[in-house]
Amino acid sequence: MVRRKFLLCKFFSVLLLGGAMVAGGAQEAVGASTPIVALATFPVDSDSHVTGINDAGAMIGAYSTAVRYSIPVRWNSDGTAARLAVPAGYIPGDARAINSKGFIAGSAYDEHKTKRPVLWHPDGSFAELSTPDRQGTSEATAINDSGVVAGTVSTGAATNRAARWDANGVMTLLPLAPGDSWSTATAINDAGVIVGYSGLHAVRWNLDGTVVPLSPLPGEINSTAKGINNAGIVVGSSGVRPVRWEPDGTVTLLPSLSEDPQGGAMAINDSAVITGFSGSLGGRHSAVVWNAQGAISDLGTLPGHGRSQGTAINSHGVVAGDSEPASARGRHAVRWTAPDRVTDLGRSFPKYGYAEAFAINARGQSIGESFESRGSLHPVTWTRAGVLTDLSPNVDRLTATDINAHGVIVGTSKRSKNRDRAIRWERDGTVTTLKMPENHAYRSLTSGINDSGTIVGSAGPDRGSPRPTRWAPDGTPSLLPLPPGDTGGIAAAIDDRGVIVGSSGDLGRHAIRWDQEGKVSELTGLPGETHTQAVALNDRDEVVGQSGSHPVRWSPDGRITTLPLPAGAGYGSATGISGTGVVSGWCDPGVTGVPWLALRWTPDGTMTVLPALPGGHWTKANGINTRGDIVGVSDNGDGQRLAVLWPASGNADGRPVAIR
């Protein structure tokens, strides 16, 4: 086969900003005349939640996808939603509280990806609040109608402290309870009294700055305070049970929906109506309200959902929170106006997709992974027409790594205690676990398969390094020899002649090649580089991979050539090579906020930066087939990362073509 998913690099999220500049060596313009095709994905619900509501019915919170982890949002009283903007140089964080004037307290991440406390003004403008230390995590969690903000800040001593900012933004650290070393502020009333916890104990900070511990229930040690009203009544949890503290500190256990006592009180309004959650039958929990006398009412869930909680309540008794499906991923932000009268605020956000393609065969059939509706990553395959099939509809923890021209797929079954197993999918979908070599029967994985059905990968013992392994078409395993002095390695790819490439030594120190008879030889790395890996080859005996931080190609006689990268790129690798010598790969600019880029090199070394989907910036090319079709992943600028195909030839103007 002519591709290989890069072994030592796992996909991760980065900020989707910026563009690409190319320089150094022979290069083309970015994405010149190159179409991009989005492959299908399973639709998955976004995750959304509400954290605050004011008396006008405006709500705040956040939604997230598997790619964009948190996007702060404001909902109007009619349920329409709008994102809260952050200035250039910041990454969105979370919105935590809103006051009657529309000021919103929350967090955003700075250019160093450090969480910072922030304040959004009613006109949408944004201000960062001061802290004693900029290196640690800080956030604003509450705001009253006078504009006084409460939150938690890093003090630079590996501890966090509760803090208060006055209406002018001047910050004051709140005192710790005796014997404690850290604290958190969670809520503030209009008088400026703040509650939270110091160490493991619920506390109240009075206007004069004194800290008052709130006693837990008898027999309990831990407690947290989550809300306070203008009468000074505090609500929260003692252990795992919901409680209410009177202004004099008297603690009362709130009743539960069932014999399950677990629950939590999250917020209280000035009528002393409390919202939170309570354990219900079946080990689940439901959003509830407790009236001023302590009687409990079940608010219910969205239809078909199994769990819910109330997180905020206004003076009219309107409750906001979230409702979660019992068997699928994704909370839905919701609002209750009465028990069982619930509005789905999560409908404001479209379903999203995440998928990544790893390999493509000569017929245009691709394999990769996609989130399915329950939020689990499943191995999948796409036809050339883009039809998506789940390779393990009833089983989690399987991965697909390569596919041959006949549609036979290889992969790995992830098991506990690292006892992974190499597997093969036949064309009819039957999954076979491959045999393990003698004395190397603890774990195994596959990396590649050729058109004859010979499979390569590695197998290892309970203790010791894995060894490069080859499985014959009938599944018989054999260990491949290693260069002198090396104790482990992996076989990464195999061509249709039976030539294999891979790496050996500590962390892939040496790139190696096995000929048809199994004789091993080392491929020389770049001068001065200590780690070199070979990851793919074609039937012309051209090999590609990485040496140090550079993508490289080896000619049939073993000469190594560096493939050019865009200007400023700090790291890159080749991932596959076509039958005519076209190479796929990627680069990481190595700069916070600058996206990864998918790359293609022609046989003469000319580099092209492959285009992203409309609105997107982040791309990665994982593999290429013999005719030059490349597969990988691209974001689309709207919280999704999708598997994509860059065809070897396409429409003349290079506009992207979507497969439906």
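Me: Which strand is T446 found in?
Reply: In this predicted model, T446 is found in strand β38, which covers residues 443-449.

Me: Is T446 buried or exposed, and why?
Reply: T446 is buried, because its relative accessible area is 2%, and the cut-off for that class is under 20%.

Me: What does the side chain of T446 make a polar contact with?
Reply: The side chain of T446 makes a polar contact with the side chain of T401, at 3.1 Å.

Me: Switching to the largest nonpolar core, which residues touch the most other members?
Reply: That core has 14 residues, and V544, V583, L599 and W601 are the ones that touch the most other members.

Me: Which strands each supply at least two residues of this core?
Reply: They are β46 (532-537), β50 (571-577), β51 (583-588), β52 (597-601) and β53 (607-609), and of these β52 gives the most, with three residues.

Me: What is L599 in contact with, again leaving aside neighbours within four places?
Reply: L599 is in contact with L565, P566, V583, S584, G585, W586, C587, M607, T608, V609, L610 and A621.

Me: How many residues are in the second core?
Reply: The second core is separate and has 13 residues, including Y63, V318, A320 and F349.

Me: How many residues of β54 are buried?
Reply: Six of the six residues of β54 are buried, so the strand is mostly covered. In the hairpin that β54 forms with β55, five residues lie between the strands, and G628 takes a positive phi near 105 degrees.

Me: Last one: where is S366, and which residues is it in contact with beyond four places in sequence?
Reply: S366 is in strand β31 (residues 366-371), and it counts as buried because its relative accessibility is 4%. Leaving aside neighbours within four places, S366 is in contact with A359, I360, V380, T381, W382 and V631.

Definitions and conventions:
Residues are numbered from 1 along each chain as its sequence is written. This is a predicted model: local features need pLDDT of at least 70, side-chain atom pairs count only at pLDDT 80 or more; totals for chains, interfaces and linings use all residues. Side-chain values use heavy atoms; hydrogens and water are left out. Buried means under 20% relative accessible area, exposed over 50%, partly exposed in between (1.4 Å probe, protein chains only). A polar contact is a pair of N or O atoms within 3.5 Å; within protein, one must be able to donate a hydrogen and the other to accept it, and residues adjacent in sequence count only if both atoms are side-chain atoms. A nonpolar core is a set of buried Ala, Val, Leu, Ile, Met, Phe, Trp, Tyr and Cys residues joined through side-chain atoms within 4.5 Å. Contact means heavy atoms within 4.5 Å. Two strands pair if DSSP finds at least two bridges between them.
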